[in-house]
Amino acid sequence: MDSLHDLGGKQGFGRVRYPYPAHQETWEPLLRALSASALKNHIYNMDEFRHAIERMAPRHYLTAPYFERHLTAVATLLVEKGLVTAEELEALAGGSVPLAGPIGPGRPAPPAQSFALGERVRVKNEYVSGHVRMPAYIRGKAGVVVGISPPYPFPDAAAHNMQAPPEPTYDVRFRARDLWPDSCDDAMNHVGVFQSYLEKAA
Amino acid sequence: MADQSTPTTATPEQRTAAIEMVLRRSGALPDGFVHDFIEHAGDAWVTSNGARMVARAWTDPGFRARMLADGTGAAREMGFEFPEHHRHLVVLENTPDIHNVIVCTLCSCTAYTIIGAAPGWYKDVDYRARVVRESRTVLREMGLDLPAGTEIRVWDTTADTRYMVLPVQPAATAGWTADQLAAIVTQDAMIGASRLDEVRG
């Protein structure tokens, strides 16, 4: 989905706070452990977890610290998976519990088409309303395959609890000036791209 | 003043406690799991893992070749582990003329079992938005002023491959042992926010 989590190349942001003050709230390690336990027990998978974060209200997403986003995602998934109702969760918490927006339909993977090292590929010009791991800044852009990684479940399906056949991902190299002509620092940009997001470049 | 028509948002502590209660009653949270997980994360998923890989690569050409060809295998060879969703570790070799830098623009994915949990600045929206498009400027602002001739390679962690940078060994450390070298390798250098140039013999 084209939401605010997809930050790559967005302009107007400020100086990176660096070095960053080391600080950890006591609830953060606990929450991380709880989410690990839910994952281990297959209450949800990593793609469902990521998509729950993406479905947060944009205003909440941008102002929430990192672990507040995790907290919101876990609460949302426990409600969506039927382990607790929103009302009961609020009663247990003693106050309101912000949840992410509702989940829409996912999509199955298209027929497989594989690519080779050195091959020139193009990122499909797709607009996906569900979960997708293609950052918008490479949509429709052409690059070269420089790495191939082992198969992993297709996230657009896995995040929606659909059958998600494993597929390779490719490290694709783009030139920054092809992505943002006349408006970027010169660099080679590499992006991990699932096979289903790619097509052969003409 | 809070809107009286809606209840106040529960604190993160309260919400986390509520989640813990729900998981526990559903049977998904065995006794001791939280304690063991936090202890294991603190003991096993630490920056010194990656630092030891880097130091060994600097002192053992055979390991360096294996690490660049198969980062996952090299990490496992040293006894390090990966979560199920980290299928592949790719090691990116810096040279005097090439600088690699890692980001995750969609969330904050990191090879956390190898280089430790991501630092705060890596998870911040400013870094995620800007480093892909203004890499040289952002690195300069962070204190790394690369020569104009240096090729910058940005790696966006948008799939389940994880990355780490193999920095250039500082000239002043020639002849050091792997243990001595591991002590100078920082998490920031393995992300690509620094190059260890400040290290003196």
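Predicted model: local features only at pLDDT ≥ 70, side-chain atom pairs only at ≥ 80, totals over all residues.

Visitor: OK, chain B. How many helices and strands are there in chain B?
Guide: Chain B has eleven helices and four strands. Its C-alpha atoms fill a box of roughly 65 × 40 × 30 Å along the principal axes.

Visitor: What share of its residues count as buried?
Guide: Chain B has 201 residues, and 58% of them count as buried. The accessible surface of chain B is about 8200 Å². Carbon and sulfur atoms account for 52% of that surface.

Visitor: And how do the contacts in chain B split by distance in sequence?
Guide: Take the contacts between residues at least 6 apart in sequence. Of those, 69% join residues at least 24 apart.

Visitor: Let's go inside. Which residues touch the most other members of the largest nonpolar core?
Guide: Met53(B), Ile114(B), Tyr127(B) and Met164(B) do. That core has 123 residues. Helix α4 of chain A, residues 66-80, gives the largest share of this core, with seven residues.

Visitor: Pick Met53(B). What does Met53(B) touch?
Guide: Leave out residues up to four places away in sequence. Then Met53(B) touches Phe63(B), Met67(B), Gly71(B), Ala74(B), Ala75(B), Met78(B), Phe80(B), Leu89(B), Ile114(B) and Met164(B). Two names there come up again: Ile114(B) and Met164(B) are also among the residues that touch the most other core members.

Visitor: Which residues line the largest cavity?
Guide: From chain A, the lining has Met1(A), Asp2(A), His5(A), Asp6(A), Arg107(A), Glu126(A), Val128(A), Val132(A), Met134(A) and Arg139(A). Leu106(B) is in the lining too. By class, that makes five nonpolar, one polar and five charged residues.

Visitor: Is Leu106(B) buried or exposed?
Guide: Leu106(B) counts as buried because its relative accessibility is 3%, and the cut-off for buried is under 20%.

Visitor: What is Leu106(B) in contact with?
Guide: Set aside its neighbours within four places in sequence. Leu106(B) is then in contact with His5(A), Asp6(A), Tyr61(A), Arg133(A), Pro135(A), Arg128(B) and Thr158(B). His5(A) and Asp6(A) also line the largest cavity.

Visitor: How far apart are Leu106(B) and Ala129(B)?
Guide: They are 23 residues apart in sequence. In space, the C-alpha atoms are 9.3 Å apart.

Visitor: And what lines the second largest cavity?
Guide: Its lining is Ile102(B), Cys109(B), Thr110(B), Ala111(B), Ile115(B), Tyr122(B), Thr157(B), Arg162(B), Tyr163(B) and Ile191(B). Seven are nonpolar, two polar and one charged.

Visitor: Last topic, the backbone of chain A. Which residues does a cis peptide bond join?
Guide: Tyr18(A) and Pro19(A), with omega at about -5°. Pro19(A) lies in the segment before α1 of chain A.

Visitor: What is phi of His42(A)?
Guide: Near 60°, a positive value in a residue other than glycine. His42(A) is in the loop between α1 and α2 of chain A. At 69% relative accessibility, His42(A) counts as exposed.

Visitor: And Asp182(A), what is its phi?
Guide: Near 65°, again a positive value in a residue other than glycine. Asp182(A) is in the loop between α7 and β4 of chain A. With a relative accessible area of 84%, Asp182(A) is exposed.

Conventions. Residues numbered from 1 in each chain as written. Chains lettered and ligands numbered in written order. Heavy atoms only, no water. Core = buried A, V, L, I, M, F, W, Y, C linked by side-chain atoms within 4.5 Å. Buried < 20%, exposed > 50% of the residue type's maximum accessible area, 1.4 Å probe, protein only. Helix = DSSP H or I, 4+ residues; strand = E, 2+ residues; numbered from the N terminus. Contact = heavy atoms within 4.5 Å. Areas by Shrake-Rupley, 256 points an atom, 1.4 Å probe, with all protein chains shown as cover. 1 Å grid on protein atoms, 1.4 Å probe; cavity = no way out; pocket = protein on both sides within 12 Å on 5 of 7 lines; lining within 4 Å. Nonpolar A, V, L, I, M, F, W, Y, C, P; charged D, E, K, R; others polar.
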